[in-house]
Amino acid sequence: MNFAEIRVDFPILNNLIYMDSASTSLTPEPVLNVVLKYYREYNANVKRGVHRLSQVASQKYKDAHRKVADFISANEEEVIFTKNTTEAINTVASGLKWKTGDKVVTTLLEHHSNFLPWLRLKRLGVDLDIVKPDKNRIFDVSDFEEKIDDRTRLVAVTHISNVLGTVSPIREISAICKKKNALLLVDGAQSVPHIHINVKELGCDFLCFSGHKMLGPPGTGVLWMKEDFFDELEPLTFGGGMIDDVFFDSYKLTSGYERFEGGTPNIVGGIGLGRAVDYLKEIGMGEIRGYEKRLTKRLIEGLLDIENVYVYGSTNLNERIGVVSFNINGLNPHDVALMFDEASNIMVRSGHLCCIPLMKYFGLKEGAVRVSLYLYNTEEEVDTFLDTVKKIAKC
Ligand SMILES: Cc1ncc(COP(=O)(O)O)c(C=O)c1O
């Protein structure tokens with residue numbers, strides 16, 4: 001596979017180097033085309049009308065669920081479209097029926113989206129325990145084993161840290177959860193776009209991810225859960241499109257994913273996400289992982305070679321992806337990000353990266369600079385990036 005060839009699908013790259021894909025990814029032409037096609041040819045609401053346009057839109061929206069389900073080896077009815085990972089996680093946090101004394105275990109590695117929903121539950125009398133990273137700054141299994149107990153109802157962990165790029169041992173975590181009879185929610189926002197995921201093998205009960213980080217349109221995300229939870233979990237929103245029947249004093253929710261998608265959904269976003277997963281599948285997730293590994297190796301080895309640069313997270317390529325945070329001695333991360341833009345048209349993220357508790361734990365008051373790679377980046381771009389780091393680190 002020649003990855004340079006796919007760059008024609010991303011014309012925005014003609015003028016700049018985009019290394020902020022962990023925040024949101026770029027959108028390829030085939031995804032834009034299906035989005036335009038919806039507006040031009042069959043712009044209609046779904047699951048409401050009997051007219052031709054509505055039938056076409058409903059079918060395409062349903063097809064998109066099937067495509068996303070296939071992408072993670074799930075059943076179509078178990079894939080719920082949300083607006084992002086945050087909404088997916090909140091659906092679980094708000095939807096489970098909690099009782100005083102229940103406990104949630106999460107970690108310091110979490111993005112705020114997988115932290116605040118659990119902090120909020122404290123108001124309902126739910127206890128929260130937080131696993132700290134080990135000395136190598138990765139998921140600490142022994143600390144986790146100490147924190148999880150018989151009261152633990154749910155464990156919420158990120159699959160890949162959006163700060164360190166390191167992979168959590170989900171199967172090991174899952175085995176421990178099963179022994180303790182605890183549910184497992186996996187935040188896949190940084191994993192699903194980059195590594196092949198099979199929910200049947202992962203061993204979790206809930207998987208949440210964002211379509212806009214995997215070439216899909218903004219405002220798209222996914223909550224996957226086993227159908228067994230459908231009756232146990234209250235939807236986040238109630239309204240049109242989610243019921244089988246309504247009475248004067250009650251209602252009967254419908255059986256499929258629609259019960260969690262009350263109101264008119266992001267139809268065109270969902271259809272765009274369906275095309276995005278087709279795009280990723282056509283290239284192959286294995287190919288993408290291999291290519292990104294090569295780029296990450298070049299990036300990390302280059303960074304480690306530069307004086308005054310401090311890289312966070314494991315350098316073992318088998319336990320990380322191309323999301324790399326670093327600092328340049330004595331420089332504010334936001335200033336560094338601005339220098340990248342001004343000096344070399346390179347877009348990187350900076351600051352607390354929506355992980356304030358982790359930054360505090362690491363003692364990084366101003367946070368860090370984060371470079372994140374995806375399938376459209378090249379070795380030449382990595383070299384330009386490294387040259388720019390060298391210049392900034394010298395000044
Ligand atoms: C690990 C992780 N979880 C959750 C989120 C939240 O994603 P969204 O803003 O799409 O809800 C992000 C976004 O960067 C993330 O990296």
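# Exercises on a predicted model

A nonpolar surface patch of about 370 Å² is formed by Phe238, Ile243, Val246 and Tyr251. The model is predicted, so local features need pLDDT of at least 70 and side-chain atom pairs count only at pLDDT 80 or more, while totals for chains, interfaces and linings use all residues. Residues are numbered from 1 along each chain as its sequence is written, and side-chain values use heavy atoms, with hydrogens and water left out.

**Exercise 1.** Place Tyr251 in the secondary structure and state how exposed Tyr251 is.

*Solution.*
- Tyr251 belongs to strand S10, residues 251-253. Strands (E, at least two residues) and helices (H or I, at least four) are DSSP runs, numbered from the N terminus.
- The relative accessible area of Tyr251 is 44%, which is partly exposed. Buried means under 20%, exposed over 50%, and partly exposed in between (1.4 Å probe, protein chains only).
- Tyr251 is one of the residues of the nonpolar patch. Patches take residues with over 30% relative accessible area and no salt bridge, joining nonpolar side chains (Val, Leu, Ile, Met, Phe, Trp, Tyr) within 5 Å and like charges within 9 Å. A salt bridge is a side-chain nitrogen of Lys or Arg within 4 Å of a carboxyl oxygen of Asp or Glu. Accessible areas come from the Shrake-Rupley method with a 1.4 Å probe; for residues, only the protein chains shown count as cover.

**Exercise 2.** Describe the sheet that contains S11, S12, S15 and S14, and the helices H10 and H12.

*Solution.*
- The sheet is open, has four strands in the order S11-S12-S15-S14, and is paired antiparallel. Two strands pair if DSSP finds at least two bridges between them.
- Its edges are strand S11 (309-312) and strand S14 (349-351), each pairing on one side only.
- From one strand to the next, the twist averages 30°. Axes are lines fitted to C-alpha atoms, for helices over the stretch in contact, and angles run from 0 to 180 degrees between N-to-C directions.
- S14 and strand S15 (residues 368-372) run antiparallel and are joined by three bridges. Ser350 has Val369 in S15 as its bridge partner.
- Helix H10 (residues 333-344) packs on the sheet and touches strand S12 (323-328), S14 and S15; its direction makes about 160° with that of S14. Contact means heavy atoms within 4.5 Å.
- Helix H12 (residues 379-394) lies across S11, S12 and S15, at about 20° to S12.

**Exercise 3.** What is phi of Asn345, and where does Asn345 lie?

*Solution.*
- Phi of Asn345 is near 55°, a positive value in a residue other than glycine. Most residues other than glycine have a negative phi.
- Asn345 sits in the loop between H10 and strand S13 (346-347).
- With 39% relative accessibility, Asn345 is partly exposed.

**Exercise 4.** Is Thr296 buried or exposed, and which residues does Thr296 touch?

*Solution.*
- Thr296 is part of helix H9 (residues 285-304).
- Its relative accessibility is 2%, so Thr296 counts as buried.
- Not counting residues up to four places away in sequence, Thr296 touches Leu317, Arg320, Ile321, Gly322 and Leu373.

**Exercise 5.** Locate Ile176 and list its contacts.

*Solution.*
- Ile176 is found in helix H6 (residues 170-180) and is buried, at 9% relative accessibility.
- Neighbours within four places in sequence aside, Ile176 is in contact with Val141, Phe144, Glu145 and Ile148.
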